[in-house]
2 protein chains.
Amino acid sequence: MSEPVTQPPAADPAAGRQDAAALDGRAAALDAQDPLAAVRDRFDLVTGEVYLDGNSLGPPTTRIMERLSDVVGREWGRMGIRSWDGSGWWTAPERIGDRIGALVGAAPGQVVVGDSTSVNVFKALVAAVRMAPDGRDEILVDAATFPTDGYIAESAARMTGCTLRAVPAGGIGAAAGERTAVALVNHVDYRSGRLHDLPAVTAALHAAGALAVWDLCHSAGALPVALDADGVDLAVGCTYKYLNGGPGSPAYLYVRGALQPRFDSPLPGWNSHADPFGMAPAYAPAEGALRGRVGTPEILSLLALDSALDAWDGVEVGDVRAKSLALTDFFLECVGALVPPGRVESVTPLAHAERGSQVSLRCQDAGEVMRALIARGVVGDHRRPDVLRFGFTPLYTRFADALHAARVLADILEGTP
Amino acid sequence: MSEPVTQPPAADPAAGRQDAAALDGRAAALDAQDPLAAVRDRFDLVTGEVYLDGNSLGPPTTRIMERLSDVVGREWGRMGIRSWDGSGWWTAPERIGDRIGALVGAAPGQVVVGDSTSVNVFKALVAAVRMAPDGRDEILVDAATFPTDGYIAESAARMTGCTLRAVPAGGIGAAAGERTAVALVNHVDYRSGRLHDLPAVTAALHAAGALAVWDLCHSAGALPVALDADGVDLAVGCTYKYLNGGPGSPAYLYVRGALQPRFDSPLPGWNSHADPFGMAPAYAPAEGALRGRVGTPEILSLLALDSALDAWDGVEVGDVRAKSLALTDFFLECVGALVPPGRVESVTPLAHAERGSQVSLRCQDAGEVMRALIARGVVGDHRRPDVLRFGFTPLYTRFADALHAARVLADILEGTP
């Protein structure tokens with residue numbers, strides 16, 4: 001694992017009820033000693049609401065409108081077309097990519113922002129197959145993957161003459177064989193919140209001669225990722241969850257420096273050309289990560305993301321991980337103490353080494369329970385058929401929020417048959 | 001042609017100089033009788049500047065910041081994740097697609113907004129090849145195409161086992177043979193401003209048994225397009241030129257209704273799934289144009305576009321075309337009257353049936369001349385090596401602007417050896 005396991009396992013939810021007042025004291029003490037407490041002020045949050053859906057859509061920062069006003073009013077409105085150079089629009093995908101790179105252990109020049117995660121999965125998988133030695137014609141995909149990765153992997157396999165095989169993420173390294181070109185794995189499972197062992201799986205894939213493509217949607221910004229150190233080949237991720245870039249903010253693509261000269265994109269749009277304004281009829285790829293660019297980037301969404309990343313100024317990802325584990329431990333403890341026994345079961349592993357930054361609880365009538373939670377100001381989400389998802393986002397979530405959410409959940413489950 | 005040719009050909013720029021005062025009177029009279037004159041007030045324009053680069057990046061409307069404030073502050077900030085349903089974010093690509101459809105002659109349900117033009121070219125070409133009868137394995141591309149279309153067409157050909165052949169747009173219908181699956185053609189040439197005969201080329205392609213994919217980047221919003229009436233199969237276009245959606249605002253894809261059941265996307269992301277929140281491991285495409293969706297749309301850029309389209313309220317595309325031709329006629333006339341003989345030559349056809357909404361002038365030292373124009377507040381652009389491009393966007397460009405631009409150009413060319 002990238003992070004040490006230093007804390008004891010969380011309390012088992014079935015361990016029984018505790019004194020409610022003691023939990024209030026615990027929450028207050030944990031918030032008082034939280035080194036990230038002040039970062040919460042950088043976000044525009046709804047008063048009285050506990051927002052535990054930042055693993056789906058992070059909230060806006062307080063400064064985003066100021067930036068958008070400047071982008072629309074001055075850069076677009078006054079400078080117009082000249083902003084492509086004069087306001088740095090043209091190079092924003094690489095510049096913002098480097099900012100994200102700093103959060104996922106990538107040295108500059110390896111991350112480029114743009115397009116959706118799905119489109120980047122397609123680029124990464126096709127490029128990986130093209131890098132593979134002759135005779136390797138199999139793509140492996142994490143069997144529990146977020147669906148779009150699987151759909152796109154199927155298309156990439158079809159279009160490159162490969163076969164596709166779904167394998168549980170934990171065993172995907174062992175499953176790779178001499179025909180395997182590449183495996184696509186989710187770092188954290190979107191449904192269960194399970195964290196997979198990126199260094200071990202990557203090493204096993206490499207030992208089998210296969211490339212590793214990681215989907216970081218549910219890990220970047222929530223826990224340490226060490227792409228360079230762990231030898232990851234390619235990676236993709238979205239920016240609207242733990243990076244708070246805004247609804248549908250552009251995704252990113254990591255291409256390890258050593259592989260960039262061999263990165264042969266299936267979407268060689270003019271933005272990735274060595275001389276884009278030469279308007280040459282023949283394609284000649286640029287050097288570096290910008291080889292992963294395609295068409296003109298959606299600048300308003302892209303620069304809103306740039307502004308959102310300011311929330312990370314001075315924040316250490318190690319502190320984020322420590323708080324994330326403490327928050328999810330405490331939430332599980334509160335759920336164990338307050339919720340009627342037997343009503344929920346954690347799908348998320350208790351072991352820190354296997355836990356992302358969310359808690360997924362299996363619960364009867366989960367859809368109805370989530371609607372009741374939201375009606376009472378505790379916003380998580382529901383994944384069919386029976387999972388309540390609660391995302392814990394250390395930049396703005398308090399321990400008191402975790403306790404409050406558990407308390408409201410307990411109230412709702414007490415009140416239903 | 002979609003539009004009647006009712007006006008006489010423009011004056012030849014070489015025809016000699018006219019009385020400058022007479023031109024002022026003509027401009028004033030033309031502006032006074034312009035039915036679109038009041039639409040200019042819907043745009044946030046730079047005082048004292050003549051912006052003739054709307055064929056590259058349209059200016060913001062005056063109401064866009066109000067909409068973005070609401071999207072960020074209320075929809076994202078207050079409603080958060082609930083806005084995917086509650087604020088109509090999820091269905092925005094189809095809803096805004098229908099608004100664009102109304103401007104390009106497409107009945108509702110056939111246009112979907114999202115991704116870049118390049119990515120949409122890839123979807124359209126691969127899907128077209130997959131629709132073609134067995135044995136058709138050739139893609140034709142407009143030889144003078146905007147480069148990205150050619151690069152992407154090459155990738156689509158490579159990934160579908162097709163060959164790619166470049167043919168001048170005017171002859172592409174005649175060049176199609178029994179092996180031709182599809183042809184990709186630009187409606188208006190980005191460099192010369194030449195308008196191609198969409199109905200005739202489409203009919204010729206169909207007669208050869210091939211599908212027609214049109215790139216509308218330089219025609220949508222500038223002149224009438226009749227996709228349904230002319231039997232176009234697929235089309236793509238950007239929204240940041242004549243539709244004023246903002247820098248890099250999302251592109252669109254048209255899929256003719258009758259072809260939608262056979263539209264087999266190479267980018268089958270979860271947004272195009274029949275039941276996206278079912279999270280099924282197997283892909284099952286949705287019905288309709290939304291089959292062309294891929295991943296999560298960039299909502300801020302998408303809704304800025306939605307707001308920008310309000311500028312079209314009550315505007316008839318026929319009036320836009322009439323004014324566009326009158327503006328480019330008048331600009332050519334002013335250039336002919338004012339610019340020293342022999343210094344510029346129009347690359348844009350004089351015949352209305354062959355003219356888009358820009359004027360491209362071949363000129364020695366074009367890069368230097370354009371820098372001088374911009375320094376004096378006349379903003380066009382330069383295409384290497386020797387072309388000055390002036391875009392005439394009828395929603396906000398005045399006849400007085402056309403005269404002023406010609407006058408400044410004449411001054412600059414008088415002053416240089």
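Predicted model: local features only at pLDDT ≥ 70, side-chain atom pairs only at ≥ 80, totals over all residues.
Reader: Asn244(B): buried or exposed?
Author: Asn244(B) has 1% relative accessibility and therefore counts as buried. Buried means under 20% relative accessible area, exposed means over 50%, and partly exposed lies in between, with a 1.4 Å probe and protein chains only. Residues are numbered from 1 along each chain as its sequence is written, and chains are lettered from A and ligands numbered from 1 in the order in which they are written.

Reader: Where is Asn244(B) found?
Author: Asn244(B) belongs to the loop that joins strand S7 (234-237) to strand S8 (252-255) of chain B. Helices (H or I, at least four residues) and strands (E, at least two) are DSSP runs, numbered from the N terminus.

Reader: And what is the phi of Asn244(B)?
Author: Phi is near 60 degrees at Asn244(B), a positive value in a residue other than glycine. Most residues other than glycine have a negative phi, and most peptide bonds are trans.

Reader: What about the phi of Asp365(A)?
Author: Asp365(A) has a positive phi too, near 55 degrees, and is not a glycine. Asp365(A) sits in the loop between strand S10 (358-363) and helix H11 (366-375) of chain A. With a relative accessible area of 48%, Asp365(A) is partly exposed.

Reader: Then the peptide bonds. Which form, cis or trans, does the one from Arg384(A) to Pro385(A) take?
Author: The bond from Arg384(A) to Pro385(A) is cis, with omega near -5 degrees. Pro385(A) lies in the loop between strand S12 (381-383) and strand S13 (387-391) of chain A. In chain B, the bond from Arg384(B) to Pro385(B) is cis, with omega near -5 degrees. Pro385(B) is in the loop between strand S12 (381-383) and strand S13 (387-391) of chain B.

Reader: Changing topic: how many helices and strands in chain A?
Author: Chain A has twelve helices and 13 strands.

Reader: What radius of gyration does chain A have?
Author: Chain A has 22 Å, which agrees with the value near 22 Å that a compact globule of 417 residues would have. The radius is taken over C-alpha atoms, and the globule rule is 2.2 Å times the number of residues to the power 0.38. The C-alpha trace of chain A spans about 70 × 55 × 35 Å along its principal axes. Of the 417 residues in chain A, 64% are buried.

Reader: On to H4(A). Which residues there are buried?
Author: Those of H4(A) are Ala92(A), Pro93(A), Glu94(A), Ile96(A), Gly97(A), Ile100(A), Gly101(A) and Leu103(A). They pack against strand S2 (111-113), strand S8 (252-255), helix H9 (299-308) and helix H10 (317-338) of chain A, where contact means heavy atoms within 4.5 Å.

Reader: What is the span of helix H4 in chain A?
Author: Helix H4 (residues 92-103) of chain A has twelve residues and covers 17 Å from its first C-alpha to its last, close to the expected 16 Å at 1.5 Å a residue. The expected span is 1.5 Å times one less than the number of residues in the helix.

Reader: Last topic: what does Arg40(B) touch?
Author: Leaving aside residues up to four places away in sequence, Arg40(B) touches Leu45(B), Leu395(B), Tyr396(B), Arg398(B) and Asp401(B). Arg40(B) is placed in the loop between helix H1 (20-32) and strand S1 (50-51) of chain B. With 19% relative accessibility, Arg40(B) counts as buried.

Reader: Pro35(B): buried or exposed?
Author: Pro35(B) is exposed, with a relative accessible area of 62%. Pro35(B) is in the loop between H1 and S1 of chain B.

Key
Heavy atoms only, no water.
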